[in-house]
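Please keep the sequence and the structure at hand while reading.

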Amino acid sequence: METRLDVVGLGLAIVDVVLRVDRMPKWEDPRGLLDFTLADGGPAGTACFVASTFGLRTGFVDTVGDDDLGEHRRRSLGRIGVDTSRLVPREGPEDHVVVVYVDASTGERVFSFRRGFLSRPVTIDDLDRAYIESARILHLDGSHGAAALAAARWMKESGGTVVLDAAATSHEVLEPARALVAETDVLICGSGFAPMLTGEKDVWRAGLAALDLGPRVVVQTEGARGSYTVSPDAEFHTPAYEVDVVDTTGAGDTFHGAYLVGLARGWDLERCASFSSAVAALHCTVLGNRKGIPSMDEIETLMAAQPAGKQTAAATTP
């Protein structure tokens, strides 16, 4: 089949109600709200939104409710060019809704999920296999478990690339996630995932051990400490860019979307990591997910102002 999409995302797109506070509200003291915005988030949804912003042809698969919020989710992706024709309708109100409390002093967040969140996942029968295989890259965030695993296997069989966004964790990585890792080409994981996946505490040894489980590239993102990339041919650390942080919501999702841009354009791993780090950093200077996606001029200005060549594992390991 002739390729008509660069990326298909299968995962979550979410309506974020973002509240910036100087302290968490209490019944007896509800004050503290400094700012508010209605934003749109979700790991795979935001990644596709970012990729489309930078010119990739993207499509997205998720469920969608039949109320106004569901239509809002559809429009928020479609307005930037993400193909939403394969969103799977579900009767009833939209359940992909999250309230995000942002600490004004640090930019860190606390999430509160609407009851019923992800209770009606995409199933294998909901998928259009030809649509999945029409893309060069399949991007997953680990949700819609059975459907995600089937789609990953289809993509591998068709010769495409599977990218997995594995969220930060301090808990055991269970078998469904391990099965998905085995079908993954590029694993981009948050803090703690690779160590919990492999049993290796050291960031480099964890990355190398993760390569043995299926991926050909492992990128471990560590927030302000930057990212650590491991492949059969390279091991390097990419420092984070220094910016005035307002809101870290969606920073990782934005990093993943920028990384998809690099992969689709054939960039080397060092350029993929540094570009993604710059995009994620600038995104953190604005309140609300998807609100602060920078222009190429802004990215190039930041990268020129803070040139950070790669650091090898030998140079960064204590």
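The model shown here is predicted, and in it the buried residues of helix 4 are Ala-147, Ala-148, Leu-149, Ala-150, Ala-151, Ala-152, Trp-154 and Met-155. These buried residues pack against strand 1 (5-10), strand 9 (135-140) and strand 10 (161-166), as well as against helix 3 (129-133) and helix 5 (175-182).

Helix 4 itself comprises 13 residues, 145-157, and the distance from its first C-alpha to its last is 19 Å, which is close to the 18 Å expected at 1.5 Å a residue. After helix 4 comes Gly-159, which has a positive phi, near 90 degrees.

## Ala-51 in helix 1

Ala-51 belongs to helix 1, which covers residues 43-53, and it counts as buried because its relative accessibility is 0%. Leaving aside neighbours within four places in sequence, Ala-51 is in contact with Leu-56, Thr-58, Gly-257, Leu-260 and Val-261. Although Ala-51 and Tyr-259 are 208 residues apart along the chain, their C-alpha atoms are separated by 8.4 Å.

## A nonpolar surface patch

Leu-33, Phe-36 and Leu-38 make a nonpolar surface patch of about 290 Å². Of these residues, Phe-36 lies in strand 3, which runs over residues 33-41, and Phe-36 counts as partly exposed because its relative accessibility is 48%.

Conventions
Residues numbered from 1 in each chain as written. Predicted model: local features only at pLDDT ≥ 70, side-chain atom pairs only at ≥ 80, totals over all residues. Heavy atoms only, no water. Patch = residues over 30% accessible without salt bridge, like charges linked within 9 Å, V, L, I, M, F, W, Y side chains within 5 Å. Areas by Shrake-Rupley, 256 points an atom, 1.4 Å probe, with all protein chains shown as cover. Salt bridge = Lys/Arg side-chain N within 4 Å of Asp/Glu carboxyl O. Helix = DSSP H or I, 4+ residues; strand = E, 2+ residues; numbered from the N terminus. Buried < 20%, exposed > 50% of the residue type's maximum accessible area, 1.4 Å probe, protein only. Expected span 1.5 Å × (residues − 1). Contact = heavy atoms within 4.5 Å.
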